[in-house]
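Please examine the sequence and structure shown below.

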Amino acid sequence: MSRTARTVSAGIAVALAFGITACGGSGGEDVAADKKQTLTVWAMGAEGEKLADVAKVYEKANPNITVKVTPVGWDVAHQKLVSAAAAGTMPDVAQMGGSYMGEFSELGVLEPVDARVFDKGDFFPAGWNQGEVDGTAYGVPWYVDTRVLYYRTDLAEKAGIAKAPANWQEMQDLATAYQKKAGTKWGLSIQPSGLDTVQNFYSFLYSAGGEIVNDKGEAVIDSPEAVKALKEYGSYFDKGLSNKSVQPGYDVVKDFGNGRVPMFFGGPWHVTLLNEGQPQIKGKWAVANVPADKASVSMAGGSSLVISKDSEHKAAATEFIKYLTDTKGQADWYERSKDLPANTAAWTSGTLADDAGLQVFKKQMDTAKSTPSLPKWTEITDKVDQAIAKVTQGKASAEDALDTAQSEIEGLVK
């Protein structure tokens, strides 16, 4: 499950056809933050619904500001943003996932973050990095997410294992024990093929020390580390520990609840889904950091807040984003949405500090790795999805599958 909709690099071509250039629009005279004005804000998915309530609180404290929040579904968010960029009608503030950042920064429609107001040291490094493109920050982290391991503790005890797996060998041993000793259908749920398979693979790839594209912009998916990770991933399917055929829309939460699937990699939203949807297993499951190879490294997700380059309300927009991303605002947003704070200081008190399960997510975020903000990132990850599917379906070795992906990706990063 991904909180951010996928981008299509064709959006750049569409926007350029409407006359947008990389230098962006000219903008107008910026209205002072203390003047009476209306801020337009687009927020996606559930966040769009909840942000309207926060805006009302902000308006009471800042009576000169009216915040007009427009909720936008993730299924149409990308196209709506592309159309707005092309028409010069971007909102003053927009929520933007990391997978969008490279594309829209290349279009020249985003205002760089004011480094005098926002300190990258206040945020998780991976959260901040999602808003950076070629060393320039365009987005301020609003919330973060990452993937951790969910596992059934009751079934692990039945299988004779009393602790969470800390490394790859222990994870595969537990998956095997679940099947042989606890009678589960599968040992671990990981995606075999299809759209966004790479999101399950990231925990293996990053923990092995691999990458898809390195910091120099070079394709490195054929590295020994990546090959090792894909061999490990594929071994779950070879040994019958993971299902080779998963239908679109598959609900892992249901199978986790009934015991068919005792382990999966999931995000923070799965806590709520399990608590509300599978109450019969309360106290029978736990979360743990992703099992390590060289290290325990998971993917970083989440959303940032950006300001339109053409906005005439940049000062007020900056103040509003500051309100949403400071320690108090982040703690309040967590209570409203259960989105994990990007500001690390928000984790030092209250529920976030006291909940052992939430602290697992914090520890994982400390080492989490964000994906590069590249305009063609969707096309790049599609090639990795295809390589993973070849291996899980027994159609190619990890070496051959990644050699093919490497040659295809090299043509996309030039």
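## Packing of α9 and α17

Ala226, Val227, Leu230 and Lys231 of α9 meet Ala398, Glu399 and Leu402 of α17, where contact means heavy atoms within 4.5 Å. Helices (H or I, at least four residues) and strands (E, at least two) are DSSP runs, numbered from the N terminus. The model is predicted: local features need pLDDT of at least 70, side-chain atom pairs count only at pLDDT 80 or more, and totals for chains, interfaces and linings use all residues. Residues are numbered from 1 along each chain as its sequence is written, and side-chain values use heavy atoms, with hydrogens and water left out.

The axes of α9 and α17 (residues 398–413) are 9 Å apart, and the two helices pack at an angle of about 125°. α9 is therefore oblique to α17. Angles under 35 degrees count as roughly parallel, over 145 as roughly antiparallel, 65 to 115 as roughly perpendicular and the rest as oblique. Axes are lines fitted to C-alpha atoms, for helices over the stretch in contact, and angles run from 0 to 180 degrees between N-to-C directions. The crossing of α9 and α17 is right-handed; a crossing is right-handed if the near helix is turned clockwise from the far one by less than a right angle, and left-handed if anticlockwise.

## Packing of α2 and α12

Helix α2 (residues 45–61) packs against helix α12 (residues 314–325) at an angle of about 110°, with the axes 12 Å apart. These two helices, α2 and α12, are therefore roughly perpendicular to each other. Their crossing is right-handed. On the α2 side, Leu51, Val54, Val57 and Tyr58 take part, meeting Glu319, Phe320, Tyr323 and Leu324 of α12.

Two strands pair if DSSP finds at least two bridges between them.

Strand β7 (residues 148–152) pairs with β9 in the antiparallel sense over 4 bridges. Leu149 has Ala288 of β9 as its bridge partner, and Tyr150 stands opposite Val287 in β9. Towards β8, β7 is likewise joined by 4 bridges in an antiparallel arrangement, with Gly266 of β8 as the bridge partner of Val148. β7 is mostly covered, as 5 of its 5 residues are buried; buried means under 20% relative accessible area, exposed over 50% and partly exposed in between (1.4 Å probe, protein chains only).

## Asn214 in its loop

Asn214 belongs to the loop between α8 (198–207) and α9 (224–238). Is this residue, Asn214, buried or exposed? Asn214 is buried, with a relative accessible area of 16%.

The side chain of Asn214 reaches the backbone nitrogen of Lys216 at 2.9 Å. A polar atom of the Asn214 side chain also lies 2.9 Å from the backbone nitrogen of Glu218.

Definitions and conventions:
A polar contact is a pair of N or O atoms within 3.5 Å; within protein, one must be able to donate a hydrogen and the other to accept it, and residues adjacent in sequence count only if both atoms are side-chain atoms.
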